[in-house]
Amino acid sequence: MEAPVAELVGEFVREVRVDAANSDGDVLLQALVDDFQSSSAMSKRDMRRMLEKDPAWFLQSACRVLKALAEGPGAVYLMELLWSNPVLVSGLIDPALLPLDTAIRFAKQSVEYDSMLDIKLLHMGFPSEATMVQSIDIVRAKRVLAIVNELPARRHILLPLVNLLHSPDPKVRSKAVSLYGRTSQNAEWVRKQLAEADGRVRANAVESLWGTDSVSARAVLREASRDQHHRVAANALVGLHRIGAYDVTASLQEMALAEEPMGRAAAAFAMGQVLHSDFKQVLESLLKDDSPQVRSQALRSLIRLKRQPPTGEATLPDGSAETTGDEVLKDAADAAPTEPVGDATPHEPADAVPELTPASPREVVPVSADKEDQG
């Protein structure tokens, strides 16, 4: 096993949260590790049998043993066995073993040595034999999508994502749309998603075009900027800004005056992505808003704005709200029980969309939304 891979497995073992020791099983596995040098063939056979019999238990027992001692030929083989078996990948999607941010960090490091990690995760979260929604562990399935969304976009995941695009679960469907759009970079496909009734799906489809600069992408983003749903319109304006297509300052400032709290929160979110110095006063005023979602989003965006270099135009943060730690704020609409997604009242009439003016010379240079190419 290569040294970097051994370090990765060691990091996994150190971070994983395991149950209290199972005396009989742990003692047996520890004995196999201790006696490995004198009877390696038999120890390897018995370890593999234990793994095949109960993979979930074996992972925890192996981690307990390795936490106590990760040196010696027996321990090295045990680490190799974990790395070469799907059991280690399954550990990433178990919320009881690893916090999501830790699992994502480990996955980002592991994909350098396992180019098929994203496919393995998708197959575990959405097994082909699970023909009915009821047979899918939806918590782990959503966790899989959250992890894969942070990995480099590779076209071999498109086929597994096709079925998820029709999932009855709105969050699974919206995340699948985000991943599919980001990977395919097909503006016409995104345009078709604008007909979806679920605003979350439309918003994620639009976000998948961030950083894509083409005639068709610009047309789709301009169309989406007129969407009645606050998140869709805000994501479209961010997308237009990222490719340097328009100066969206006036449009976002007008959106910040929306009657609905979620419209103002969406404007604050977008301002935190554009990071224009003119937004400082607006964001400071939103800190006094009656809505906690608006205040929270304004605070996050203001902090990001103030962290920008003091001279010159602010550079754009890499990644979407989900990759920059703003997922909770971006999904403020989901957290507000009074406003179902897709049923939002427009902050202005559909025929009164803020005028988009050509970008000024100091407009930011286009930056990709996907820092891993980041769904």
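Which hand does the crossing of helix 2 and helix 4 have, left or right? Keep that question in view while making the first selection. The model is predicted.

**Stop 1: helix 2 and helix 4**

Select residues 23–34, which form helix 2, and residues 55–68, which form helix 4. Their axes lie 10 Å apart, and the helices pack at an angle of about 60°. Helix 2 is therefore oblique to helix 4. The crossing of the two is right-handed, which settles the opening question.

Now show side chains. From helix 2, the contact uses Gly25, Asp26, Leu29, Gln30 and Val33. Helix 4 answers with Trp57, Phe58, Ser61, Ala62, Arg64 and Val65. Sorted by type, the residues of this contact are 6 nonpolar, 3 polar and 2 charged.

**Stop 2: Phe58 and the core**

Setting aside residues up to four places away in sequence, Phe58 touches Leu29, Met47, Met50, Leu51, Leu78, Leu81 and Leu82. Phe58 is also one of the residues with the most contacts inside the largest nonpolar core, a list that also holds Phe12, Met47, Leu78, Leu92, Leu121 and Leu283. That core has 105 residues. To see where the biggest share of this core comes from, select residues 261–274: this is helix 17, which gives the most, with 9 residues. In soluble globular proteins, nonpolar side chains tend to be buried together.

**Stop 3: helix 1 against helix 4**

The axes of helix 1 and helix 4 come within 9 Å and cross at roughly 100°. Helix 1 is therefore roughly perpendicular to helix 4. On the helix 1 side, look for Phe12, Val13, Arg14 and Glu15; on the helix 4 side, look for Leu59, Cys63, Leu66 and Lys67. Here the contact residues divide into 5 nonpolar, no polar and 3 charged.

**Stop 4**

Is Val9 buried or exposed? Val9 counts as buried, because its relative accessibility is 0%. Beyond residues up to four places away in sequence, Val9 touches Met1, Met79, Trp83, Leu88 and Phe106. Pick Phe106 from that list and draw a distance: the C-alpha atoms of Val9 and Phe106 are 9.2 Å apart, although 97 residues separate the two in sequence.

Phe106 leads on to helix 7, residues 100–110, where the buried residues are Thr102, Ala103, Ile104, Phe106, Ala107 and Ser110. Which helices do the buried residues of helix 7 pack against? They pack against helix 1, helix 5 (73–84), helix 6 (87–92), helix 8 (117–125) and helix 9 (138–148).

**Stop 5: helix 14 and helix 15**

Next, select residues 215–224 for helix 14 and residues 230–242 for helix 15. Their axes come within 8 Å and cross at roughly 145°. Helix 14 passes helix 15 in a left-handed crossing. Helix 14 brings Arg218, Leu221, Arg222 and Ala224 to the contact, and helix 15 brings Val232, Ala233, Ala236, Gly239 and Leu240. Of these contact residues, 6 are nonpolar, 1 is polar and 2 are charged.

**Stop 6: Gln253**

End at Gln253, in helix 16 (residues 249–255). Gln253 is partly exposed, because its relative accessible area is 29%. Apart from neighbours within four places in sequence, Gln253 is in contact with Met271, Asp278, Phe279 and Val282. Gln253 and Asp278 are 25 residues apart in sequence, with a C-alpha to C-alpha distance of 9.2 Å.

Definitions and conventions:
Residues are numbered from 1 along each chain as its sequence is written. This is a predicted model: local features need pLDDT of at least 70, side-chain atom pairs count only at pLDDT 80 or more; totals for chains, interfaces and linings use all residues. Side-chain values use heavy atoms; hydrogens and water are left out. Axes are lines fitted to C-alpha atoms, for helices over the stretch in contact, and angles run from 0 to 180 degrees between N-to-C directions. Helices (H or I, at least four residues) and strands (E, at least two) are DSSP runs, numbered from the N terminus. A crossing is left-handed if the near helix is turned anticlockwise from the far one by less than a right angle, and right-handed if clockwise. Contact means heavy atoms within 4.5 Å. Ala, Val, Leu, Ile, Met, Phe, Trp, Tyr, Cys and Pro count as nonpolar, Asp, Glu, Lys and Arg as charged, and the others, Gly among them, as polar. Angles under 35 degrees count as roughly parallel, over 145 as roughly antiparallel, 65 to 115 as roughly perpendicular and the rest as oblique. Buried means under 20% relative accessible area, exposed over 50%, partly exposed in between (1.4 Å probe, protein chains only). A nonpolar core is a set of buried Ala, Val, Leu, Ile, Met, Phe, Trp, Tyr and Cys residues joined through side-chain atoms within 4.5 Å.
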